[in-house]
Amino acid sequence: MTESMTAPIRLYMSMSLDGFIAGPDDREGQELGRDGGRLFNWLDDRMSPGPNGQVFGELMATGAVISGRRTFELAGRWDGDHHGGVPIHVLTHHAGEGDVPPGSAKFYTDVVACATEARAAAGDRAVMAHGAGAAQALLQAGQLDELEIHLVPVLLGIGRPLFETKDTGHIELQLIRRLQGRDATHLRYRVRHHA
Amino acid sequence: MSRVILYMAMSLDGFITGPGDDKENPAGVGGMRLMEWLGGGGPEVADWRPGDPQSQIVFDELMSTGAVVTGRRTGDFAGYWGGDHHGGVPIFVPAHTAPADNRYERVHFVTEGIESCVAQAKAAAGDRDVLLHGAYTAQQCLKAGVLDVLEIQLMPVLLGQGRLLFEGLPADHIELDLVRTLEAPKVLHLRYEVRR
């Protein structure tokens with residue numbers, strides 16, 4: 001596992017116990033889906049001491065961002081700056097001729113190239129991955145090293161799932177850290193890559 | 001006061017079996033991965049007791065429940081555990097129609113709905129809790145507001161496909177309170193109370 005000795009690509013996602021990362025009908029103007037804001041109450045503590053603040057601080061200290069195109073667009077392209085001006089690497093099926101994303105953002109159609117350049121850009125800092133699409137693409141390409149799941153004690157019942165049914169075979173994980181914050185259990189898993 | 005407690009092992013991506021679960025292979029393809037928090041297994045209940053002390057707490061609680069509610073599918077697949085899940089406690093099965101040939105004295109098919117099924121199980125359990133098992137029945141209990149506690153054995157694996165624990169629930173949020181976390185080498189035990 002020398003790979004994880006270097007800075008990891010780590011997925012950050014809030015998820016309900018029933019596996020949703022947004023409420024239903026997530027779209028422009030309702031980015032978190034209907035009532036999906038329930039999953040982000042823990043972020044009220046983001047500037048406070050304690051586990052929620054610690055996890056948010058770690059997220060903000062990442063050296064690059066990988067996002068799916070859908071998340072990127074829903075977020076208004078973060079106006080080109082997710083945090084601290086670090087590069088934003090956006091996975092997309094079609095980059096679109098002449099569509100130049102703002103600020104530090106750049107489109108990629110190749111997952112491995114995206115991951116490789118994000119790692120290089122982040123240097124010794126972790127890379128933050130965000131969005132269900134990016135998570136699936138990185139997992140399937142064997143490029144996701146860690147998952148930091150903010151597990152929220154609620155059943156949403158309906159919404160956008162983090163994990164879609166996929167014929168990928170088992171992916172083994174290892175729980176390497178657990179932090180209990182207010183309204184979120186932060187579970188950090190390491191992906192045990194196939195040899 | 002008897003409570004209804006769901007005990008289910010679930011992958012991080014929400015599955016409780018692998019794909020293609022049927023009578024010959026109740027856990028589905030590769031689904032036995034989810035049972036690895038238990039002991040090695042064998043003819044005796046004690047053979048399934050986990051080796052680590054945290055998981056033993058959960059297992060011993062499960063085995064001290066005073067009645068079982070299980071779905072028809074889960075029960076059929078398991079052959080109703082030969083009529084005895086543990087300790088000879090009664091087993092209640094919500095069903096649309098009772099089978100003509102119920103071979104098991106302690107297995108009761110309840111056709112009056114999930115509320116009645118749970119009420120009968122609670123009455124039978126007395127002071128002890130009721131063990132609930134099976135995804136569909138858990139969903140029915142959640143919808144009917146008769147599920148008190150979820151004891152989830154969260155397994156560190158992504159199965160990718162299989163049978164989901166939570167499916168077809170109403171869009172109204174069901175709020176939970178995390179009341180206990182037990183971390184074992186192979187599993188994370190999360191105990192949630194359903195808020196009403």
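**Strands across two chains**

Mentor: Ile171(A) has Leu158(B), in strand 8 of chain B, as its bridge partner. This is a predicted model, so local features need pLDDT of at least 70, side-chain atom pairs count only at pLDDT 80 or more, and totals for chains, interfaces and linings use all residues. Residues are numbered from 1 along each chain as its sequence is written, chains are lettered from A and ligands numbered from 1 in the order written, and side-chain values use heavy atoms, without hydrogens and water.

Trainee: How many bridges join strand 10 of chain A to strand 8 of chain B?

Mentor: Two, and the strands run antiparallel. Strands are DSSP runs of E, at least two residues, numbered from the N terminus, and two of them pair if DSSP finds at least two bridges between them.

Trainee: What is the strand order in the open sheet?

Mentor: The nine strands go 5(A)-4(A)-3(A)-6(A)-1(A)-7(A)-11(A)-10(A)-8(B), with mixed pairing. Strand 5 (105-108) of chain A and strand 8 (157-158) of chain B each have a single partner strand, so one side of each has no neighbour in the sheet.

Trainee: New topic. How many salt bridges are there between chain A and chain B?

Mentor: Three, where a salt bridge is a side-chain nitrogen of Lys or Arg within 4 Å of a carboxyl oxygen of Asp or Glu. One pairs Glu183(B) with Arg178(A), at 2.7 Å from N to O.

Trainee: Which strand gives the largest share of chain A's side?

Mentor: Strand 10 of chain A, with six residues of the side that touches chain B.

Notes
Helix = DSSP H or I, 4+ residues; strand = E, 2+ residues; numbered from the N terminus.
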